[in-house]
Structure formats: structure tokens, C-alpha cells
Amino acid sequence: MSWKLKKSRFICSVQRATTKETADVFIESVRQANPKANHNCFAYMLGEHDEIQRESDDGEPSGTAGVPILEVLKRMALHDVVAVVTRYFGGTKLGAGGLIRAYSNSTSRAIEQVGLVKKSAAARSHPHRLLCQLRKIKLPP
């Protein structure tokens with residue numbers, strides 16, 4: 001999802017990640033795909049109870065990029081998700097409030113565009129049974 005604000009271009013990339021290594025690989029792939037970008041700020045929450053939470057402002061003023069991205073993930077109650085917002089600086093400074101709004105809006109717009117899938121307790125505890133129900137196949141007792 002890409003959009004512009006005062007000549008700066010913001011691109012949000014979102015992916016499911018269940019391990020820190022998976023999240024780090026995704027973040028690095030976004031960096032490599034955007035070598036001329038000024039910033040690749042990110043946040044992720046991993047684990048069923050969000051045991052691992054990490055964010056980075058990647059050179060933006062402290063607390064203006066990574067934290068707003070992480071707050072969107074928390075507000076939307078997303079687990080095992082990594083979001084990277086890439087910024088191409090357009091020459092106009094946005095100020096702290098403008099940056100916070102830009103990074104949080106980029107993240108929420110991308111997630112809304114992609115859509116959410118609710119993970120049910122049945123899928124976590126009995127994934128094979130759920131799959132069989134979906135295929136309308138009966139399991140032996």
C-alpha cells in the first residue's frame with residue numbers, strides 16, 4: 001500500500017511472521033527492495049501472548065515511526081505480524097505529530113486493504129479436525 005504526504009512517499013509492507021528470524025528476513029527483504037529509501041521503519045508482535053514486541057524508527061526522530069506502527073498492531077490485536085513502512089523523503093519535514101500520523105495511517109490503511117482473518121481457538125487446538133470439517137469429511141471417532 002503506497003501513498004504520498006507532502007511529497008514524501010510511504011509504502012507499507014505487511015507479512016505474517018511466527019519467529020524473530022522470519023520477521024528479520026522480511027524486514028531485510030523490504031530494505032533490499034527499496035535501496036534508495038530514506039527510512040524502513042518497522043514493528044512486530046510475535047507469540048500467542050505477544051511475548052516478543054519490537055519496533056524501530058530507523059533514523060526518524062525517536063518514537064515517531066516504530067512506536068506508532070506497533071500501536072496500530074496492538075489496537076488491531078494482531079499477533080505474529082510484521083509491518084514495515086518505507087519512506088522516501090520528499091523534501092518537506094512533517095514534524096513529530098505529522099510523522100506519527102503518517103506512519104500509523106500507513107500501517108492501518110495497509111492492514112485494512114489486505115484484510116484480516118480471525119484465528120479461532122478450534123484451529124489452534126484441533127487443526128486437523130477443522131480441516132476435515134471444511135472438506136466435509138468425517139473423522140472416525
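Which pattern of α and β does the chain follow when read along the sequence? The pattern is β-β-α-β-β-α-β-α-α-α. The chain has five helices and five strands; these are DSSP runs, with helices being H or I of at least four residues and strands being E of at least two, numbered from the N terminus.

**Model and confidence**

This is a predicted model, in which local features need pLDDT of at least 70 and side-chain atom pairs count only at pLDDT 80 or more, while totals for chains, interfaces and linings use all residues. Residues are numbered from 1 along each chain as its sequence is written, and side-chain values use heavy atoms, with hydrogens and water left out.

The average pLDDT (the predictor's confidence in each residue, from 0 to 100) is 81 for the chain, and 79% of the residues score at least 70. A contact here means heavy atoms within 4.5 Å.

**Chain totals**

Of the 141 residues in the chain, 38% are buried. Buried means under 20% relative accessible area, exposed means over 50%, and partly exposed lies in between (1.4 Å probe, protein chains only). The accessible surface of the chain comes to about 8,500 Å², and carbon and sulfur atoms hold 54% of that surface. Areas come from the Shrake-Rupley method with a 1.4 Å probe, and for residues only the protein chains shown count as cover. Among contacts in the chain with a separation of 6 or more, 67% are between residues 24 or more positions apart.

**Helix H3**

Helix H3 covers residues 95-114, 20 residues in total, and reaches 29 Å from its first C-alpha to its last. That is close to the 28 Å expected at 1.5 Å a residue, where the expected span is 1.5 Å times one less than the number of residues. Buried residues in H3 include Gly98, Leu99, Tyr103, Ser106, Thr107, Ala110 and Ile111. Ala102, also in H3, counts as buried because its relative accessibility is 0%. After H3 comes Gly115, whose phi is positive, near 95°.

**Thr86 in strand S5**

Thr86 is found in strand S5 (residues 81-88). Thr86 counts as buried because its relative accessible area is 0%. Leaving out residues up to four places away in sequence, Thr86 touches Arg9, Phe10, Ile11, Val30, Asn34, Ala37, His39 and Asn40. From the C-alpha of Thr86 to that of Ile11 is 5.0 Å, although these residues are 75 apart along the chain. The side chains of Thr86 and Asn40 make a polar contact at 2.6 Å. A polar contact is a pair of N or O atoms within 3.5 Å; within protein, one must be able to donate a hydrogen and the other to accept it, and residues adjacent in sequence count only if both atoms are side-chain atoms.

**Salt bridges**

Side chains of opposite charge can pair when their charged atoms come close. A salt bridge is a side-chain nitrogen of Lys or Arg within 4 Å of a carboxyl oxygen of Asp or Glu. By this rule the count comes to five.

| Salt bridge | N to O distance |
|---|---|
| Asp24 and Arg54 | 3.5 Å |
| Glu28 and Arg31 | 3.9 Å |
| Arg87 and Glu60 | 2.9 Å |

The salt bridge between Asp24 and Arg54 links distant parts of the chain, with Asp24 in helix H1 (residues 20-33) and Arg54 in strand S4 (residues 52-56), 30 residues apart. Asp24 is partly exposed at 27% relative accessibility, and Arg54 is partly exposed at 37%.

Glu28 and Arg31 both lie in helix H1, three residues apart, about one turn of the helix. Glu28 is partly exposed at 36%, as is Arg31 at 28%.

Are Arg87 and Glu60 buried or exposed? Arg87 is buried at 3% relative accessibility, and Glu60 is buried at 9%. Salt bridges that share partners join Lys20, Asp24 and Arg54 into one network.
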